[in-house]
Amino acid sequence: MIRTRFAPSPTGYVHIGSLRTALFAFLFARHNNGKVILRVEDTDRTRLVEGAVDNLLKVMKRVGINFDEGFYLDNQNQVKERGEAGPYLQSQRLQLYQKHALELIEKGRAYYCFCSEQRLEELRKEQAALKKPPMYDRHCRNLAKEQIAEETERCRKEGRNPVIRFSMPQEGQTVLHDLIYGDITYENKILDDQVILKSDGFPTYHLAVVIDDHYMQISHVIRGEEWLPSAPKHVLLYQAFDWNAPAHAHFPLILNPDKSKLSKRQGDVAVEDFLARGYLPEALVNFVAFLGWNPKTEQEIFSMEDLIKQFDLAKINKAAAIFDINKLDWINSLYIRAKSDSELTDLLIPYWEEAIGTHTIRPFKDNKEYLEAIASLEKDRLKKLSEIGERTRYFFMEPEYAPNLLVWKKSTARETKEKLLKLYDHLNKLDTNTLIYKENLEKDLKNFILQNQFDNGSILWPLRTAMTGLDKSPGPFEVTSTLVSGLGKGEILKRLQKAINKLA
RNA sequence: GGCGCAUUCGUCUAGUGGCUAGGACAUCAGGUUUUCAGCCUGAGAACAAGGGUUCGAUUCCCUUAUGCGCUACCA
């Protein structure tokens, strides 16, 4: 039975890298009809963030990742826990970790360390000065029984607790069999005597991950490359417990454009922020899946189902990948275009409300035809949903613009004014039926242009800019007819009149 | 400093002991067009360097360089 897990720390927002870790674990499990477990690693009490699990689950739900065991959201969006191997919150498993740490002490594979923070700090400084690798000097590793009793007493008086360190073997090698990187051999003597139980009674990552993965019967540990250096420590821990280690699969990091590890400093890394900016969850998943993985075919657009069907650990790359927003934009625009007008409209409404104002949008929400027509016009041009406000404001309120915007490049202000006057009279005479259908309007206006022997641009450019107040927008016919359909003929005449006045 | 991992167009990547080294994004040019976007057509753009092994290396080996990660009572 394949069992894999996603084990984040509840430190706030969901990092793009976490999304990919979760996604890979999820895809691997689903592809193999296995289970994915969500375990929360809250052993660092100093970094806890209220509501982080709740937020995490909401994000995962939006992108379509769910977990078979651990935490989930019920129908009321309340965080709940399920599964046989719980609790799935590490802070509720402290006895288990403590028991096993003591067991290692009995086995002679771990020891109490009484060194103070100051001593450790000085040690590190000393080592740095000598350009030696910073490592614990094993000061407490071979204390005699009486010494241990003495130190324990001293600590008690000073009001602090000792930590427990793992005794690394001082010779030999440890081999990690990684499903992606292959076999990696580490010299045991360079491995530090890692703290496994902290003085606050909480385990460190290394102890907790080994114990939990064992008791939760995890078959495959799937995580980022940053864990590669500590993997041999985990292998050794499994051996010390006489447990079989799960299979490991580390995958490469995601990098900033400057090749540093993807970080906040250089733009958004929070999945929530991407979602808020109008990247569709499916686009984000598609894009993130392709950072470090690809199907070895030329297919680039994948639904979650496609990904589940085709995902294969063997196809994960070894080299880190740079997060390229251009490609995300492209994928997102494809997913936007794939939406129906109605779906897209529903997605856009919050963005309109934010950019234009809730009460301006409200009248159109009941009868969505107008909004759908606008969405349809912008569908091919949108890279992300948040662009909609600026691009379509003129559909809701009269545009402001400078008079010379109205003048086509091959024309003059005087000529433009004359033509707009004629256009005004012409449009004024048209019935709504002609105005409201793009095809009719186009036919009519082209005819009008032909009969007057105008250049297309000399009439269509000022018409379009008078309607939109923008140098870039959809075409004059669709803009005008859509405007008539939503705001009426009077509105376009008003805008035309305003344009004529500007040119006075 | 130590240990580990990595290296094909700017970016994501495909690929093979012998290929014009393929695709996509981005860029640029042309076309369509009132504008922008879109769409169509086209262009430029890569095997990090040096040694081997070999009839032949982008591919296999070694070295170097570069980048990244780890080196906490953080995960």
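A residue is buried if 20 or more other C-beta atoms lie within 10 Å of its own, exposed if 12 or fewer, and partly exposed in between, with C-beta atoms placed from the backbone. The model is predicted, so local features are given at pLDDT of at least 70 and side-chain atom pairs at pLDDT 80 or more, while totals for chains, interfaces and linings use all residues. Residues are numbered from 1 along each chain as its sequence is written, and chains are lettered from A and ligands numbered from 1 in the order in which they are written.

**View 1. Two residues with positive phi.** R138 has a phi near 65 degrees, a positive value in a residue other than glycine. R138 lies in the loop between α4 and α5 (145–158); helices (H or I, at least four residues) and strands (E, at least two) are DSSP runs, numbered from the N terminus. R138 counts as partly exposed because 15 C-beta neighbours lie inside 10 Å. For K296, phi is also positive, near 65 degrees. K296 sits in the loop between α9 (281–289) and α10 (304–310). K296 is exposed because it has 10 other C-beta atoms within 10 Å.

**View 2. A cis peptide bond.** The bond from G86 to P87 is cis, and its omega is near -5 degrees. P87 is found in the loop between β4 (79–82) and α3 (94–106).

View 3. Two strands pair if DSSP finds at least two bridges between them. Strand β2 (residues 35–38) and strand β3 (residues 69–73) are paired in the parallel sense, over 2 bridges. L38 has G70 of β3 as its bridge partner. Between β3 and β4 the sense is antiparallel, over 4 bridges. G70 has R82 of β4 as its bridge partner. The hairpin of β3 and β4 has 5 residues between the strands, and N77 in this hairpin has a positive phi near 60 degrees.

**View 4. Helices α12 and α13.** The axes of α12 (residues 341–356) and α13 (residues 358–366) come within 7 Å and cross at roughly 140 degrees. Axes are lines fitted to C-alpha atoms, for helices over the stretch in contact, and angles run from 0 to 180 degrees between N-to-C directions. From α12 the contact uses I349, W352, E353 and I356, and from α13 it uses T358, T360, I361 and K365; two residues are in contact if their C-beta atoms, placed from the backbone, lie within 7 Å. These residues divide into 4 nonpolar, 2 polar and 2 charged. Ala, Val, Leu, Ile, Met, Phe, Trp, Tyr, Cys and Pro count as nonpolar, Asp, Glu, Lys and Arg as charged, and the others, Gly among them, as polar.

**View 5. The nonpolar cores.** A nonpolar core is a set of buried Ala, Val, Leu, Ile, Met, Phe, Trp, Tyr and Cys residues joined through C-beta atoms within 7 Å. The largest has 92 residues, and L23, A25, L284 and V288 have the most contacts inside it. Helix α1 (residues 16–31) gives the most to this core, 10 residues. Leaving out residues up to four places away in sequence, A25 touches T4, R5, F6, V36 and I222. A second, separate core has 21 residues, including L104, V209, V210 and L236.

**View 6. The surface near RNA strand B.** Among the 62 residues around RNA strand B, P133, K261, A319, D324 and G475 come nearest; a residue is near a strand if its C-beta atom, placed from the backbone, lies within 6 Å of it. Helix α19 supplies the largest share of this surface, 5 residues. By class, the surface has 25 nonpolar, 14 polar and 23 charged residues.
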